Amino acid sequence: MIKHHKFTLKNGLRVIFHQDKTTPMAVVNTLYDVGARDENPELTGLAHLFEHLMFSGSAHVEDFDKALQKVGGQSNAFTSNDITNYYINLPKNQIETALWVESDRMTQLALTDKNLETQRQVVIEEFKQRYLNQPYGDTWLELRPVAFEKHPYNWATIGKNLEHIERVTMVDALHFYRSYYHPNNAILSIAGDFEIDEIEHLVKTWYDDLPAGPKLSRNLIQEPKQSEYRKKEIFRDVPATAFYFTFKMDGRMSAHYPTIDLISDILGRGKSSLLYQRYFDEKQWVSEISAFILGSIDPGLLVISGKLHDPSLMHSFEADFWAFMEDICDNGIEQKDLEKVRNKFLTSKMFEELSLQSRAMNLAYFELLGDADFINTEVKHYQVITAEQVNAELKKMLQKSQCSSLIIQPESHDQK
Amino acid sequence: MTKNRTQAPEVGALQNISLVQPEIHIAKSGLPIHIIREVPNAIFHVHIEFGAGKMQQKKPLISSFTADLLFSGTKELSQLEIQEKLDMQGAFVNVESGMNRSSLHVYGLLNQFQATFEIVKDVLENASFPEDKFEMHRKAALQHHKINMEKNTYVARREFLKALFPSNKLGEVAEESDFLNITAEDCNAFYQEHFTKNIEQINLVGPVSEEHIAIVVDIFEHRYNKTTEAQVLDLTYAPVHHYIEKPKALQSTIRIGRVLFTPKHEDYFEFDILETLLGGYFGSRLMQNLREDKGYTYGVGSGITAYENTGYFFISTEVGKEHKDAAIEAIKHEINRLREEEIGADELDLARAYIQGQILKSTDGAFAQMSQFLFAKRFDLPQNHLNQFLNTLNHITPKRLQELAVKYLDWEKMVVVVVG
């Protein structure tokens, strides 16, 4: 049970406090309700580039990182298709410094041309390092546009291409900042050895006078129901054939989400999973295979991916794969398949909860989804799932017409 | 409520480091069991160390293959049966092979402790390394290797280790032929020799009871073998510069470094501070220069890798290919600047405060505290070494740091590997 206390400031900032009296550290986590899905399709990658720019310093804090390092603190951030999340770890008695720097950059970021130019270069190098300069690195750049035709999940957080990053101007950056960075679009989560009154006082001291921003309403184009199987094949200089089969699934707040989460584990988490058993062990066609979900807020994807030992197996593999999916849908799974993955889920959850940073971050994320207390009630949803529910969901999901796939084949194997 | 935003909040005093020492049980055989019970959830992590690392293997890959295949079957149970039982208990196992030892990690739920360790016991007594599982693993591992060889970072790390340790096993890397030469019998022999009877210590984190400890003692006690002595190695190396060009690469991986020492060396902790200033944190000179000023890279860092026998210092980064030479020049410039000028008081204070925070964090929670204990034990340091380190940190001077830079950061002693 992760206890927490919530309050909201006049300017709309939502605050969650979680007390942990056993730690000498504190975590200050700030989640902004903006991600790559909110970008202009013609200027993608901006949310992530902007995350870099948030470390540029602000009106009263010349150097954000230095101010924290001076008190033994450390900060980082990540951007996803849904959110942008910033976190600070520091000794608990230095918490006020975290609130000072974090509140200052919430509305008074001090951007210079030099910041923009440097971080643009840094992000371009990040783009190359993670997506372009290694085999299969660009999988999601290729796969997203196949899986999503309309919804902005059809581009990756890093952006569609380098050209978009190169085109961002100071006007674009400032417009983005003014649109999305303000107290009423943020959730502040604080964890550590403090008292409620102390936290309320400190938060009010540093955040109360920040002006509220414009009310935002998100109006994203929803993905139309997929009607037929989509497939993209790429032939290039890679050492092995890689395959990705993605199936449409419900969003994070759907009642079916926990069931689908466990389905992905039944299919492809670990050596006793159905796909591993069939394709690694029995047929011995793959060198790796796994299944996972993207976990996005809007309807997203369940992904089955792996690599073949031999490119010439692709044809047989694909035929067998669809027969196997049909077989799973027709015959369903056994109770023990469900129990296995559920128990593993519970263990993982208990270990994850030990981390102060995970607790702070999850509280903020669940609050965004509707209520921070989901952090405690989520497990119950997993505990009551039945094999019948799993089987019903399997039938609904594992349809070929709901699948988009990407196959990356070695060049030499080009079938003329 | 009023506040002055232009004024940084008052800096709090340094907090005391309170390091929980594990309970130490010594079984009759002499096997040490270290226990930290202060964990809020009913889970456990048992970490078993075997004197079974790369140093002990007679040819490449044996230690890692044995680790990977340890749970691939026993006399009675197939891999699938083992895995399904563990899954049903909500347990996870992970076997890592390192330079001087292998580690078996078992994670699970406390109420399944006994059942989980029945499996572990069976594996330690009866692992069978079935031929078919071995062949599947060989095939998959070889493909992973081939894919990794397409990654500049992987190739650079191999070339770097080969150059640093040309005359001992630390520099031994696996080639494709090694994947073809290894046999299931090699693994089985290595297992019999090192896993069934070479346990060095057991570390237990979780709210365990005496019964849980008794289970562990019962299974492992007679498998104790006194810590494998670290071999004395031939540490001569030549400071070569090695460039492997990849015409299609967009980025180049750079690794620069030298053979240095273990944490037992008298200069280790002072050098650690110097290394942090150079490339060990976001505010470091390399990060500020290569990333925040020039935008050559997404990240650059330095570090020290420590073994019982020796250690090495390294700098690592991936830069746009067009910046490769400029980046090496910038690194050289920063290294030489540390040798030629004293570090300013402000910069030292900043690093000092940052490191203090990191030390505090490194003692936060049962798992972190166990790691600290094991680090001290492994390198034969006093258990209050963190307080000693804090003391060193508070008293080190710019002059001393410059001396260390002159002594250890000589460009002429550096191996430079560039791939891309």
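1. **Where the chains meet.** Let's start at the contact between the two chains: 59 residues of chain A and 57 residues of chain B take part. Here, two residues touch if their C-beta atoms, placed from the backbone, lie within 7 Å. On the side of chain B that touches chain A, the elements giving two or more residues include helix H2 (79-88), helix H4 (131-148) and strand E9 (297-306) of chain B. Helices (H or I, at least four residues) and strands (E, at least two) are DSSP runs, numbered from the N terminus. That side of chain B divides into 24 nonpolar, 20 polar and 13 charged residues. For these classes, Ala, Val, Leu, Ile, Met, Phe, Trp, Tyr, Cys and Pro count as nonpolar, Asp, Glu, Lys and Arg as charged, and the others, Gly among them, as polar.

2. **What you are looking at.** This is a predicted model, in which local features need pLDDT of at least 70 and side-chain atom pairs count only at pLDDT 80 or more, while totals for chains, interfaces and linings use all residues. Residues are numbered from 1 along each chain as its sequence is written, and chains are lettered from A and ligands numbered from 1 in the order in which they are written.

3. **The six-stranded sheet of chain A.** Find the open sheet with the order E1-E2-E6-E3-E5-E4 in chain A, where the pairing is mixed. Two strands pair if DSSP finds at least two bridges between them. Strand E1 (5-8) and strand E4 (74-79) of chain A are the edges, each pairing on one side only. On average, neighbouring strands are turned by 15° against each other, direction ignored. At one end, E1(A) and strand E2 (residues 14-19) of chain A are antiparallel and share four bridges; in this pair, His5(A) sits opposite Phe17(A).

4. **Strand E3, a covered strand.** Which residues of E3(A) point one way, and which the other way? Met25(A), Val27(A), Asn29(A) and Leu31(A) point one way, Ala26(A), Val28(A), Thr30(A) and Tyr32(A) the other way, and all are buried. Buried means that 20 or more other C-beta atoms lie within 10 Å of a residue's own (exposed: 12 or fewer; partly exposed: in between), with C-beta atoms placed from the backbone. That is a handy case to look at, because in a regular strand the side chains alternate between the two faces of the sheet. E3(A) pairs with E5(A) in the antiparallel sense over eight bridges, and Ala26(A) has Leu90(A) as its bridge partner there. With E6(A), the antiparallel pairing of E3(A) runs over six bridges; Thr30(A) stands opposite Leu188(A).

5. Helix H1 (residues 46-53) of chain A lies across E4 and strand E5 (84-91) of chain A, at about 170° to E4(A). Helix H3 (residues 95-107) of chain A also packs on the sheet, touching strand E3 (25-32), E5 and strand E6 (186-192) of chain A, and its direction makes about 15° with that of E3(A). For such angles, axes are lines fitted to C-alpha atoms (for helices over the stretch in contact), and angles run from 0 to 180 degrees between N-to-C directions.

6. **The five-stranded sheet.** Chain A also has an open sheet of five strands in the order E7-E11-E8-E10-E9, with mixed pairing. Its edge strands are E7 (230-236) and E9 (286-293) of chain A, each pairing on one side only. The twist averages 10° from one strand to the next. E7(A) runs parallel to strand E11 (residues 403-410) of chain A, joined by seven bridges, and Arg230(A) faces Ser404(A).

7. **Two crossing helices.** Are helix H9 (residues 257-268) and helix H15 (residues 387-397) of chain A roughly parallel or roughly perpendicular? Their axes come within 10 Å and cross at roughly 80°, so H9(A) and H15(A) are roughly perpendicular to each other. The cut-offs are under 35 degrees for roughly parallel, over 145 for roughly antiparallel, 65 to 115 for roughly perpendicular, and oblique for the rest. Residues that meet include Ile260(A) and Ile263(A) in H9(A), and Val390(A) and Leu394(A) in H15(A). By class, this contact has six nonpolar, two polar and one charged residues.

8. **A hairpin in chain B.** Last stop: strand E1 (residues 23-26) and strand E2 (residues 32-36) of chain B run antiparallel, joined by four bridges. They form a hairpin with five residues between them, and Gly30(B) in the turn has a positive phi of about 105°.
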